[in-house]
Amino acid sequence: MRTCIYCREDKAENEFTLEHVLPQFIGGASAPDFLKTRDVCRSCNSNLGLFVDAGFEKDFLVHNYLKLAAHAFYDPRKPSGLPFMCMGISELQPPEMTDNEVCELWAGPLGERVYWIRTKDERLFWYSGGNPRTAKSKHSRAYFMFSENSQKDTTLTWFSFRDCFDGKKVRKVICGTVDGANPLDIGFYSPDELDKLRIKFFLDKAKSGYREKGRAAMYLHCDLRFLAKTAIGVAYCLLGSKSLTTQYSKELMKALWYRQGSELPKVNFGRSMEDNNDNLLTSMLSCDNAVTLTILPNPIGLGINFNISGALNWVIQCALTEDISVEDKEKIGNGFVIILFKNLKRSIMLDYSDFLDYKLGNLQHDELNIIYNEMNKNNN
């Protein structure tokens, strides 16, 4: 029998699976091996992945900044698709839409639009794209529109159309015609009578100069749960099983399993979504178009700074001083920084002091220089 670090239940050996403490949606597959563990049960791996990791990933701001990172590393010499970005719920009401549906607007890499008519989910109201479980099983319809800029790179547009909503039961329809290519070859459908009504509706709106309006929903506590899960995992990987028995760990558990309306747990947690020019912490502990995790000793113990693309920043305490042994302190030293480039399937780990020297321009890092030189070649 073993104990799961997330639910704290004793379970049989065959109930445990590999857990990426830094999830794969931020590039955790390439993270250092010491941040991977097999002390997580299959149930937690699945359910927390869907309702904590996905709840954070599908947050409107997080979702779009992660997608922008993918755009930043696009290489036109290696044609591929780029992800569409969710722009929220459109106020448009196309023909025959039911009360149980929403019309969600998505933007393509060159300004293309998709109107996705899907089932709404009041429980997971803030998920961009809706409930990821039901999106794979419930049928829906999506209407794709080209932009003037699609001519700039037709291959990019074509591949992006092909890859959009991959793995979901979405009836994809193009609003218009395509010369020299067949949309049916990349998963599109010929429009039926309902599609034709909706295509006319969307095109008429576009031709009339309609000013798009919509809304994006947010749930403020989705990041608390995700950062608590990260803190529990990091503390366990660095400090061992003793990190699961502390009083502070009990508060992190309350945060991980928090439900709206419950008393907020007593964890040291904060978020900052200001422009990085106005926030020194966000600016210094970040890398453009990357997820940066800083694990750093502080006056009250061991803290984590979690940053996305220099725009979104969170801090959370993962252990208190009295719960960290002398040996642990020596192992952690002055702290370290892990930089994740998901789209490149690469991670870089630096000592905290070396990372600061790099940010201040006092230290060159060949691998980071190569990454950003390549990225800057394709800025346009």
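## Strands, cores and a cavity in a predicted model

His20 lies in strand S3 (residues 16-20); strands (E, at least two residues) and helices (H or I, at least four) are DSSP runs numbered from the N terminus. This is a predicted model, in which local features need pLDDT of at least 70 and side-chain atom pairs count only at pLDDT 80 or more, while totals for chains, interfaces and linings use all residues. Residues are numbered from 1 along each chain as its sequence is written, and side-chain values use heavy atoms, with hydrogens and water left out.

With a relative accessible area of 14%, His20 is buried (buried is under 20%, exposed over 50%, partly exposed in between; 1.4 Å probe, protein chains only). Leaving aside neighbours within four places in sequence, His20 is in contact with Gly28, Ala29, Leu35 and Lys36, where contact means heavy atoms within 4.5 Å.

Strand S14 (312-320) has eight of its nine residues buried, so S14 is largely enclosed by the rest of the structure. Its pairings are tabulated below; two strands pair if DSSP finds at least two bridges between them.

| Strand paired with S14 | Bridges and direction |
|---|---|
| S11 (residues 269-272) | four bridges, antiparallel |
| S13 (residues 301-308) | eight bridges, antiparallel |

Gly270 stands opposite Val315 of S14, and Leu302 has Ala319 in S14 as its bridge partner. S13 and S14 form a hairpin with three residues between them, and Ser309 in that turn has a positive phi of about 60 degrees.

A nonpolar core is a set of buried Ala, Val, Leu, Ile, Met, Phe, Trp, Tyr and Cys residues joined through side-chain atoms within 4.5 Å. The largest one has 57 residues, of which Tyr6, Phe56, Phe306 and Ile308 touch the most other members. Helix H6 (222-239) gives the most to this core, with twelve residues. Beyond its neighbours within four places in sequence, Phe56 has contacts that include Phe226, Leu227, Phe306, Ile308 and Trp314. A second, separate core of 17 residues includes Ala290, Val337, Ile348 and Leu368.

The whole structure holds one cavity of 30 Å³ or more. A cavity is a set of points on a 1 Å grid over the protein atoms alone where a 1.4 Å probe fits but cannot get out, and lining residues have an atom within 4 Å of a point. The volume of the largest cavity is about 90 Å³, counted as the space filled by probe spheres set on the points, which are joined across faces, edges and corners. Of its 15 lining residues, Ala235, Ser243, Thr246, Ser249 and Cys318 are the closest to the centre. H6, helix H7 (247-256) and S14 each give two or more residues to the lining.

Key:
1 Å grid on protein atoms, 1.4 Å probe; cavity = no way out; pocket = protein on both sides within 12 Å on 5 of 7 lines; lining within 4 Å.
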